[in-house]
Amino acid sequence: MKYEGVVIRPPSEAHSLILQVTVGCSHNKCIFCPAYKAKRFRIKSFNEIKEDIDEASTYTPHYRRIFFADGDALIIPQPRLLETLHYLNQKFPKLQRIGIYGNAKSVLRKSIDELKELKAHKIGIIYLGIESGDEETLKYIHKGVNYEKMVEAGRRVKAAGIKLSVTVLLGIAGIERSMIHAKETAKILTDIQPDYVGALTLMIIPEAPLCQIVESGKFTLPSPFELLKELRTMIAESDLHSCLFFSNHASNYLPIRSRLPKDKDSSLKLIDEVLSSGNESMLRPEYLRAL
Ligand code: SF4
């Protein structure tokens, strides 16, 4: 497999075959994101992708799950995406589900019918980074879309019958807008009703433009307990009808895995116990945190 640079995948795709169909991210402007800053975005040619599919299917034709990397692979124009999916389905007869990263802009370039067409070719889950429901924060981090467009994109994925997994980012609004961010994020999650929510915690990475802003003193990360309050607010104030909400990513201080709405009370109780204890030893230590 001819992977270019570091290839990133969601934790839930750990056992999937990773097929790199794009290199980098078509947006690549989010100030907190170091992921693809060293890569120039391009869509791989069908021949390049075909070579990887041929190689993988020769040695491991049994894969049931495949993930399309890099960031925002959904930006690939529909005819090319369908050509790839068609070939992939021929070569992997046991294939059950293909996962793909998308951002709101790439989702909105597809109609519901086009998304349904992708579903018919086994695109079963789209991973969308929401980060925040706070308009000001979305602007500040250069997310490239506003609240309304993010909701429209999320709802469109759901309307096509494709599972939607979203990420939100604790700490991304800094200390000043911490609670506004938490409340507005609870609101956007309620408006979208994703199937999965992953709450990650912002980590300041030197390659990300935000690092310089932090160093200049213009952005302050909330403390670990303030971040926990954000998490609490997102769970308490969202009204999710059927969602797996988790914060067990390595960047987080407190791992939570909550089937909402069933586990809402028990999850809030756990967070409250840690908050009222004020005991830092109940949190994941800094040296064990990672992206
Ligand atoms: S957060 Fe997502 S959309 Fe933003 S630059 Fe990183 S990969 Fe691209």
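Visitor: What should I know before I start?

Guide: The model is predicted, so local features need pLDDT of at least 70 and side-chain atom pairs count only at pLDDT 80 or more, while totals for chains, interfaces and linings use all residues. Residues are numbered from 1 along each chain as its sequence is written, and side-chain values use heavy atoms, with hydrogens and water left out.

Visitor: At what angle do the axes of H9 and H10 cross?

Guide: Two packed helices are described by the angle and the distance between their axes. Here the axes of H9 (residues 224–237) and H10 (residues 264–277) come within 10 Å and cross at roughly 160 degrees. That makes H9 roughly antiparallel to H10 (the label for angles over 145 degrees, on a scale from 0 to 180 between N-to-C directions).

Visitor: Which residues of H9 and H10 meet?

Guide: With contact meaning heavy atoms within 4.5 Å, the H9 side includes Phe-225, Leu-228 and Ile-235, and the H10 side includes Leu-268, Ile-271 and Leu-275. The residues of this contact divide into nine nonpolar, no polar and four charged. Nonpolar covers Ala, Val, Leu, Ile, Met, Phe, Trp, Tyr, Cys and Pro; charged covers Asp, Glu, Lys and Arg; the others, Gly among them, are polar.

Visitor: How many aromatic pairs are there?

Guide: Rings of Phe, Tyr and Trp (its six-membered ring) pair if their centres lie within 6.5 Å; planes under 30 degrees apart are stacked, over 60 edge-to-face, and the rest tilted. By that rule there are five aromatic pairs. One of them, Phe-67 with Tyr-127, is edge-to-face, at 5.8 Å centre to centre and 75 degrees between the planes. Phe-67 sits in strand E4 (residues 65–69) and Tyr-127 in strand E6 (residues 123–131), so the pair ties together parts 60 residues apart in sequence. Both Phe-67 and Tyr-127 are buried (under 20% relative accessible area; exposed is over 50%, partly exposed in between, using a 1.4 Å probe and protein chains only).

Visitor: Are the rings of Tyr-140 and Phe-219 stacked or edge-to-face?

Guide: Their centres are 6.3 Å apart and their planes at 10 degrees, so the pair is stacked. Tyr-140 is partly exposed at 37% relative accessible area, whereas Phe-219 counts as buried at 6%.

Visitor: Where is Leu-115 found?

Guide: Leu-115 is in helix H4 (residues 112–120), and at 0% relative accessibility it counts as buried. Leaving out residues up to four places away in sequence, Leu-115 touches several residues, among them Val-107, Ile-126 and Ile-162.

How values were computed
Helix = DSSP H or I, 4+ residues; strand = E, 2+ residues; numbered from the N terminus. Parallel < 35°, antiparallel > 145°, perpendicular 65-115°, else oblique.
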